Amino acid sequence: MQTTAGVPIQDAEATTIRPTEPERGYRALARNSAIAAGAVIANGLLSAAILALCAAFGQTDEIAAYTVMTSALSFVLIVASGGSALLYLNGTEEQRTLVRSQWTLVVVPGMLLGAVVIAEFYARRGYSATALAAAGVVTLGNGLAQLQIADFSRRMRFLTTAVLMSASKAASLVMVLFGVPLTIALATAGLAQLVVGELILGQDGSLRRARFREISLRRAFAGYRSSRHLFGFSLGDLYVTRLATLVLSLVATPALMGSYGALVTAYQAIGGVVQSALQVPMVARTRSRLGLDDSTHPAHFSVVVALVCAIPMAAGVAVLAPWLTGTVLSLPHSEAAGWLALFMLALPFMAVSRALMFDWIGDGDYGRATRAMGVLAVLLTVAVALGVPRFGPLGAAAATAAAEVSALVVILLIARRVRAPGPRDVG
């Protein structure tokens, strides 16, 4: 038994998780990955449809407000939560209790304060105050959804997660069709998703009354110490995702940000669901490491999942970029097709690098994953500094692609020279 700030940490959590018994081996993981890949396609299409409708209805101000608020507030979320979201998914049951205290007493209040400050800043720059407030609710709901999705993933219930996410996006689409602004539609559907998810989880849900009796400041502070190894990875991941958008927002007009925001939001949505597919092998490694399961799979199974998900979508969207940006999205900037093509160039390289990092996290080798993310963050910083001030949105998209391609090359070269397998490296 190990302790954290006097709080015992127990690894024998199988009795509290109460998972449905999964089938062992390659086929079960492949089936779950196929389910997650289906969620990639469904969520990507729904996100594209929502953005297309908003652009066609002239809601570029909504897209711009959503883009800048979620980008800025996501940094607040990472700083306030550390690496707790990943610890909640990959840690022991006692460590997950520490994370609940951390979120209840520190993270949620910090997010609310951050939303007020950020909304005030961007409202003075011409963005809609109402849209900024609703986008703040969306980001807070997305943060809480990370913990809820982790609850389902720990139990290998990926189908439930896929249905919840797709239903939420579909509900948002219907509301937009009836004239509801983008940010309000996303906020309403997201909150409904949280409520339905907790009802499905029942007594295992994180928002049950019994869970709040475990909350204390001592546990919250212990949560920060327990998640410190994952803090760097989470911060680096967010930095890589949002840096170009934040830098561009300081030099571009809201109208230009509206067009760019539509494309970067679609790219992030596709990339996000690709990463949800990659969580299947990561969770399998975590369950095996914690003694919750004994399933095995090839070491590079996650890389195959990444490529199968990313390459067809990247190729299809890149070929259709002029039609998507001009006819479907009706963006006023003709050069937007080039921005979208560059994002699609980045997608497969991003998917493979995250597959490797997720495997290392599942093996408990958090430091190795964090160092790889650090390499990507450094390369992206250089690319953004060189490209965004001079080329605007084109430079932001090109910086993303260049950083993802070069970072994967560096990571693979380092991995070949230094073979440092984690606690579990199955073949």
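## How the helices are described

Axes here are lines fitted to C-alpha atoms, for helices over the stretch in contact, and angles between N-to-C directions run from 0 to 180 degrees. Helices are DSSP runs (H or I, at least four residues), numbered from the N terminus. This is a predicted model, in which local features need pLDDT of at least 70, side-chain atom pairs count only at pLDDT 80 or more, and totals for chains, interfaces and linings use all residues. Residues are numbered from 1 along each chain as its sequence is written, and side-chain values use heavy atoms, with hydrogens and water left out.

## H15 and H16

Let's start with helix H15 (residues 336-362) and helix H16 (residues 366-391), whose axes come within 7 Å and cross at roughly 155 degrees. That makes the two roughly antiparallel (angles over 145 degrees count as roughly antiparallel, under 35 as roughly parallel, 65 to 115 as roughly perpendicular and the rest as oblique). The crossing of H15 and H16 is left-handed; a crossing has this hand if the near helix is turned anticlockwise from the far one by less than a right angle, and is right-handed if clockwise.

On the H15 side, Arg354, Met357, Trp360 and Ile361 meet Tyr366, Arg368, Ala369, Ala372, Met373 and Leu376 of H16, where contact means heavy atoms within 4.5 Å. By class, this contact has eight nonpolar, no polar and two charged residues (Ala, Val, Leu, Ile, Met, Phe, Trp, Tyr, Cys and Pro count as nonpolar, Asp, Glu, Lys and Arg as charged, and the others, Gly among them, as polar).

## H5 and H6

The axes of helix H5 (residues 93-123) and helix H6 (residues 129-154) come within 8 Å and cross at roughly 165 degrees. H5 and H6 are therefore roughly antiparallel to each other, and their crossing is right-handed. Among the contact residues are Glu93, Arg96 and Trp103 of H5 and Leu132, Asp151 and Arg154 of H6. The contact of H5 with H6 comprises 12 nonpolar, two polar and four charged residues.

## H12 and H15

H15 turns up again beside H12: their axes come within 9 Å and cross at roughly 20 degrees. H12 and H15 are therefore roughly parallel to each other, with a right-handed crossing. Their contact holds 22 nonpolar, six polar and four charged residues.

## The largest pocket

Now to the spaces in the model. On a 1 Å grid over the protein atoms alone, a cavity is a set of points where a 1.4 Å probe fits but cannot get out, while a pocket is an open set with protein on both sides within 12 Å along at least five of seven lines; lining residues have an atom within 4 Å of a point. Grid points are joined across faces, edges and corners, and a volume is the space filled by probe spheres set on the points.

The largest pocket has a volume of about 410 Å³. Of its 19 lining residues, Gly44, Ala48, Ile270, Val317 and Leu324 lie nearest its centre. Helices H2 (26-56), H12 (254-289), H13 (301-319), H14 (321-328) and H15 each supply at least two lining residues, and H2 gives the most, with eight. The lining divides into 17 nonpolar, two polar and no charged residues.

## The cavities

There are three cavities of 30 Å³ or more. The second largest cavity has a volume of about 80 Å³, and its lining includes Ile35, Phe158, Met165 and Gln279. H2, H6, helix H7 (158-177) and H12 each supply at least two residues of this lining, with H7 giving the most, at four residues.
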